[in-house]
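Reader: Walk me through the labels on this one, please. I'd like to see the cut-off behind each word.

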Amino acid sequence: MGAVIGMLFAVLFQQPLQDAWYRLRKRSTRALRSLGRREETGPAWRTFSLGPLQTSALIVEGDGESPIPPETVYVHVRDDEIELPPDMRPWRSEIAAESEQLRAEGRTPLWNGPRYAVEAFDISRTALEERPEVHLRLRPTDYYTFLAAQQLDRRLPDGTTPRSRYLDPDRPLEAPAFLQCSFAVNIAVVTADDMLVVSQRSDRVRMAPGVWNSSVNEGLSRHIDSSGRSAPDLHAVARRGMREELSLEPHEYSLDLLAFVLDIASATGAVTSTPS
């Protein structure tokens with residue numbers, strides 16, 4: 001009797017059980033494939049990390065060891081100045097008004113110097129040696145425009161933010177020029193006995209006050225680093241920073257350009273050099 005009942009259950013439920021098992025396996029396979037696709041469609045890039053320290057610095061060119069020759073870096077400057085979108089221009093006016101209020105009160109006004117914005121950054125290789133060849137296109141701007149544009153999470157009249165409207169997390173190099181208004185040279189000074197020199201930013205600066213920084217951080221200045229109509233020279237900017245910040249002259253160190261870096265947290269550009 002037990003054998004007959006067992007055979008009856010096997011005949012009645014074999015196909016439904018097989019069908020259910022097939023559907024379960026198919027759904028599991030689709031779920032795993034979907035998970036794999038989601039992982040594959042994530043960012044193809046990673047920011048620089050040092051042990052457990054994760055930074056917002058995205059290295060866009062350079063390996064940190066092979067210097068980028070000065071003769072393969074081409075800097076082009078356009079004459080037309082950067083303008084903020086209409087609904088962000090009041091933010092710059094607020095900064096200018098705040099500065100004037102500080103001046104009227106006999107306090108130190110907010111510094112506003114002529115700067116450069118990065119409109120385009122192109123990388124190629126030389127024909128024979130395949131060395132990096134970099135083309136930078138810059139446009140005039142000022143520090144107040146930079147401060148206004150860095151309010152990336154401030155709400156615009158339509159409810160969006162500059163970050164959500166203009167920045168694509170999958171294409172960080174395609175940020176508009178008005179969001180890349182602070183191009184600077186960062187220098188890591190390594191001493192003869194293999195010690196790294198670091199500096200601490202003043203508590204009086206507007207951006208990142210009190211933060212530990214590279215040995216020298218020098219922004220490109222339109223009235224200092226551009227002689228006449230000539231474009232700025234990045235190595236000359238680095239040497240100026242070494243002289244102003246550390247009182248070191250060119251004969252006291254060697255200077256190598258090692259990388260171009262984008263700070264994805266603030267959409268600013270930087271050059272990383274290492275003298276020793």
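**Labels and their cut-offs**

Reader: Why does Arg137 count as partly exposed?

Author: Arg137 has 34% relative accessibility. Buried means under 20% relative accessible area, exposed over 50%, and partly exposed is in between (1.4 Å probe, protein chains only). So 34% puts Arg137 in the partly exposed class. Before we go on: this is a predicted model, where local features need pLDDT of at least 70 and side-chain atom pairs count only at pLDDT 80 or more, while totals for chains, interfaces and linings use all residues. Residues are numbered from 1 along each chain as its sequence is written, and side-chain values use heavy atoms, with hydrogens and water left out.

Reader: What makes Arg137 and Glu119 a salt bridge?

Author: Their closest N and O atoms are 2.7 Å apart. The term asks for a side-chain nitrogen of Lys or Arg within 4 Å of a carboxyl oxygen of Asp or Glu, so this pair qualifies. It links distant parts of the chain, with Arg137 in strand 6 (residues 132–142) and Glu119 in strand 5, 18 residues apart. Strands here are DSSP runs of E with at least two residues, and helices are runs of H or I with at least four, numbered from the N terminus. Both residues also belong to a salt-bridge network with Arg78, Asp80 and Arg139.

Reader: How do you know that Arg125 and Glu61 tie together separate parts of the chain?

Author: Their side chains meet in a salt bridge at 3.4 Å, N to O. Arg125 sits in strand 5 (residues 114–125) and Glu61 in strand 3 (residues 57–61), so the bridge joins parts that are 64 residues apart in sequence. Glu61 is buried at 9%, whereas Arg125 is partly exposed at 43%.

Reader: Why is the Tyr143 and Phe146 pair called tilted?

Author: The whole structure has four aromatic pairs. In this one the ring centres are 5.3 Å apart and the planes meet at 35°. Rings of Phe, Tyr and Trp (its six-membered ring) pair if their centres lie within 6.5 Å; planes under 30 degrees apart are stacked, over 60 edge-to-face, and the rest tilted. So 35° lands in the tilted class. Both residues lie in helix 3 (residues 143–149), three residues apart, about one turn of the helix. Tyr143 and Phe146 are both buried.

Reader: And what makes Tyr166 and Phe178 edge-to-face?

Author: The Tyr166 and Phe178 planes are at 90°, with 5.0 Å centre to centre. Tyr166 belongs to helix 4 (residues 162–166), while Phe178 is in the loop between helix 4 and strand 7 (183–187). Tyr166 is partly exposed at 22%, but Phe178 is buried at 9%.

Reader: How do you know that helix 6 has the expected span?

Author: Helix 6 (residues 234–246) has 13 residues and reaches 18 Å from its first C-alpha to its last, close to the expected 18 Å. That expected span is 1.5 Å times one less than the number of residues. Among the buried residues of helix 6 are Leu234, Val237 and Met242. Another is Ala238, which counts as buried because its relative accessible area is 1%. At the N-terminal end, Asp233 caps the helix, with a side-chain oxygen 3.1 Å from the backbone nitrogen of His235.

Terms used. Polar contact = N/O pair within 3.5 Å; in protein donor to acceptor, adjacent residues only side chain to side chain.
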